[in-house]
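Good morning, and thank you for the time.

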Amino acid sequence: MPSTATRFALRAGATATVAAVIIGGAALPANAAATDATQAESRLLAGSGTVDLDTIAALAGSYAATAPGGPADGGSNPLDLTVLNGIGVNAPNGIQLLGSNGLVDVGVAGQYSATSTTDAVASAGAITGDGAIQVGAPGTGASVDLTPLIDGLDLDGVVSDASVDLGALSARAEATRTFDGADVTTDYQVASADVSVVSPAVAALVGQLDTALDASSTTLEAALSADGVTAGLTGAVADDLADALGIVPGITVGDTTATVTADVDLAQAVSSVTAAPLTSGAVTIDLSTGTVTIDLADLYTLNDLAPNTRLLASETINAQIEASIADILTNQVPALLTTALTDALDAATVSVDISTDATVVLATAGLDITVDTTVGALLGTSTTDPEVAITGTGALEALDTLGLTAALDEVVTDGVLPAITTVVGGAVPEDFVSDTVAALLTALEDVVTALDPLLDALNQLVAITINSQTAPAFSDPDGDATGATTVRAVRIALLPALDAATVDIATATVQADPFAGIAITDPEDGSSTTVPTADGTTDVPVTGTAEPGSDVDVTLDGDDAGTQSTVTDEDGTWTVTFPDVAVGDHEAVAVETIGGLTSDPDSVTFVVAAAPVDPTDPTDPTDPTDPTDPGTPGGPGDGGAGGPGTGGGAGTGPGGSLAYTGAELLPIMVIAGLLLAAGGGTLLARRLRHTA
C-alpha cells in the first residue's frame, strides 16, 4: 500500500479512477465473493505413483468450501468400506493393491470436512462424528501385506514374508483466518505400528538346534555306556559282591559283568526356548515360526514426531534394532539353552545292571543288581534317590533265607552306588553343558549375520512416513491448494525405488485466506468539503471496503460516543454517515471485527471549510459597488474643487481622486492568494506528519 505521501502525490490522477470504480461497481476486498475463503478436504485413502488413487471415484474424499460472507459447508462423509473391498485396484505388475485380497486393508472409514467464513476443519480415519480424533480407538487402523512384492526383489532369502500392521489412524487439520494470514494446527494419531518379517534363517534355526542337540545326546549316551565305563564299574564292585556271597555254604562265585544304558534327550531343551517369543527392546523373535517383529512404538514416540519422519531410516534407530536381534540370539537364547540343557541333562536316565554268576553245591545260581538313576543324581545336581533292585536266581533266589539281604544291601550302599557315581558319572564331561551351548552359539551367530541385511530389505519393500506434510494438495477439482496445509497420518510407499504406489492413509487438507483488511475509500485522505458559512455544517458519508459480514466501527475525531457502526455487505463494501460535521480539520478512523479478531485501523483526514468571500458579490454588505452603501464623505479635491462624497468614500471631481475602478482591491487579492497558498502548504505538511 503506498504511503500517505505517495497517495497525496498520486491523488490528482487517482481520484477519477477510484470514483469510476465505485460508480461502476463497489470496490471489492482482496478476497472477492466469488473466491473461496476457506477450504477443507479429508480422505481416508489417497495416493500417487504408478497407481493414482486420487483419480478413483470410489475413494473420493469429503470436500467443503466457503466464500467470504458465504454459508458454512461440509460435514461427515465416511468412506464405504464395502465398496472399497470390491473395487480391486491393481498395481502395474498385476498385484492387487486394494480390495478383498489387496495389499492394503483399512479398518476405519471416517472422513469429515467443514468450512465457515472464519475457519476450515478436515479430519480422516478414526474420528468422531464432529471430526475430532478418536483417541485410543479400538481395532486395526490398516495393514499392508508386503509378501507379494518380495519375488520382484533380490533379497537373497533374507525375508520370505513381510507385513506392516498399524493401529488406529487419524489426521486432523484446522485453519483459522486472521488478518495476517491463517493460524493452522495439525494433529495425527498412529496408535501402534509393527513390522513383521519371516526370516528363513530364523525359521531354520530350530531345526539346526534340534539336529545339534540330538547329536550331542547320542554322543553322551555312547560315553555313558562305553566299554571302559562298564569295565571300570565291574572291577570296582566284583570283589565286594564275591565277599558278600561267600557266606553261603558250598557257593562258588563266578564272573561279574556290568552294563550301562542311558537315555539322553537334549533336544527337548529347544522346545523350552521356542515355547514363547523372545523380546529385547523393540524386537520380538518367535523361533518357532521364524518371525521377527519390530515394535516401532518402542523406538519412536509415534504421536509426537516431526513432520515427514520416515521410519527405519535412522542409523541410530537401526543400530538399536540390530543390537536387539543380537541380544536375543547371542545372549537370551544361549542363557535359556544353558538352563534348559542343564535340566535336560539332569533328567537323562541311567540304568546300571550288575550280574554275578555262581553255583551252590553244583546248582546254578545268580545275582542281579539293577540301579535306575539320573545323570543329575550322578553329578550331584539332583537330590533324587536312585532306585535299587537286588534279585537272586536259582539257588540264590531265597536271599532272605540264606541271610544275604543285609550283606548285599551294605555292598550296594557302600560299594555299588559310589562306584556308579564315580565311574558312570565321571563319563559326563565336566563342561558338557557349556561346551554344548558354545557349539550352538556358532549357529546362532550365523543367524545374526544372516539378518544383517534385514533392514535394507525392508527399506526396499516399503518406506513408512509418519506425519507426512509434503506437497499440500486438494484432489477435488474445485480445490485451490495455494497456501494450503496437508497432514497425513501415514504415507506408505511400496517398492519406493520403483515408485510402484504411494498410499496415504488418513489425510486432512485445509486452506484459509486472510481476512480482507479495512480500508476507507471516501473521503480521500486530505480532501476537503465546503459549506457556505463559517458556522455551517454538513453530513459526511464515510465509505470503505472490508471482509464481507464483518462488523465495522468508525469514529470521528476520537469521539467514541459518536461511533457509527455497520456490517459489511456481501460485496465487501460499507458506508456510515456522520451528521452535522462542523467547519474544521477532521479525522475518521475505521476498524472491523470478525471471528473474534479486530483489524488494524485505517484512517483519513479531511477538511470541512467555509466558502471564501467573493468581493464581486453584489449581496456582500461591504461591497464598494453596492448602491445602498452610503460610503464616507469625500475629502477635499486635489488641484480643484472637491465634489460631494460618494459610496466607497472616493472623492470625485476635477480636483479629487480618480473614479473607483476595482483596481484598488488588487493588493488585497494578492495578499489573500498568498495566505491561501501558505495555508494549503501547512495543511499538506500536517497531512504528511499525520501519515508518518
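Leaving aside its neighbours within four places in sequence, which residues is Thr 486 in contact with? Contact here means heavy atoms within 4.5 Å. By that criterion the partners of Thr 486 are Ser 468, Gln 469, Pro 472, Ala 473, Thr 507, Ala 508 and Thr 509.

Before I continue, please note that this is a predicted model, in which local features need pLDDT of at least 70, side-chain atom pairs count only at pLDDT 80 or more, and totals for chains, interfaces and linings use all residues. Residues are numbered from 1 along each chain as its sequence is written, and side-chain values use heavy atoms, with hydrogens and water left out.

Thr 486 belongs to strand β21; helices (H or I, at least four residues) and strands (E, at least two) are DSSP runs, numbered from the N terminus. Its relative accessibility is 2%, so Thr 486 counts as buried, the classes being buried under 20% relative accessible area, exposed over 50% and partly exposed in between, with a 1.4 Å probe and protein chains only. The side chain of Thr 486 makes a polar contact of 2.7 Å with the side chain of Thr 509. A polar atom of the Thr 486 side chain also lies 3.3 Å from the backbone nitrogen of Ala 473. A polar contact is a pair of N or O atoms within 3.5 Å; within protein, one must be able to donate a hydrogen and the other to accept it, and residues adjacent in sequence count only if both atoms are side-chain atoms.

I turn to the aromatic residues. Searching the whole structure gives 2 aromatic pairs. Rings of Phe, Tyr and Trp (its six-membered ring) pair if their centres lie within 6.5 Å; planes under 30 degrees apart count as stacked, over 60 as edge-to-face and the rest as tilted. Tyr 63 and Phe 474 have ring centres 5.8 Å apart and planes at 85°, so this pair is edge-to-face. Because Tyr 63 sits in strand β2 and Phe 474 in the loop between β20 and β21, the pair ties together parts that are 411 residues apart in sequence. Tyr 63 is buried, at 18% relative accessible area, and Phe 474 counts as buried at 12%. For Phe 179 and Phe 515, the centres are 5.3 Å apart and the planes at 55°, so that pair is tilted. Phe 179, in the loop between β9 and β10, and Phe 515, in the loop between β22 and β23, are 336 residues apart. Both Phe 179 and Phe 515 are buried.

Next, the sheet. An open sheet is formed by 4 strands in the order β12-β17-β18-β19, with antiparallel pairing; two strands pair if DSSP finds at least two bridges between them. At its edges are β12 and β19, each pairing on one side only. Strands β18 and β19 are joined by 8 bridges, and Gly 366 has Thr 393 in β19 as its bridge partner.
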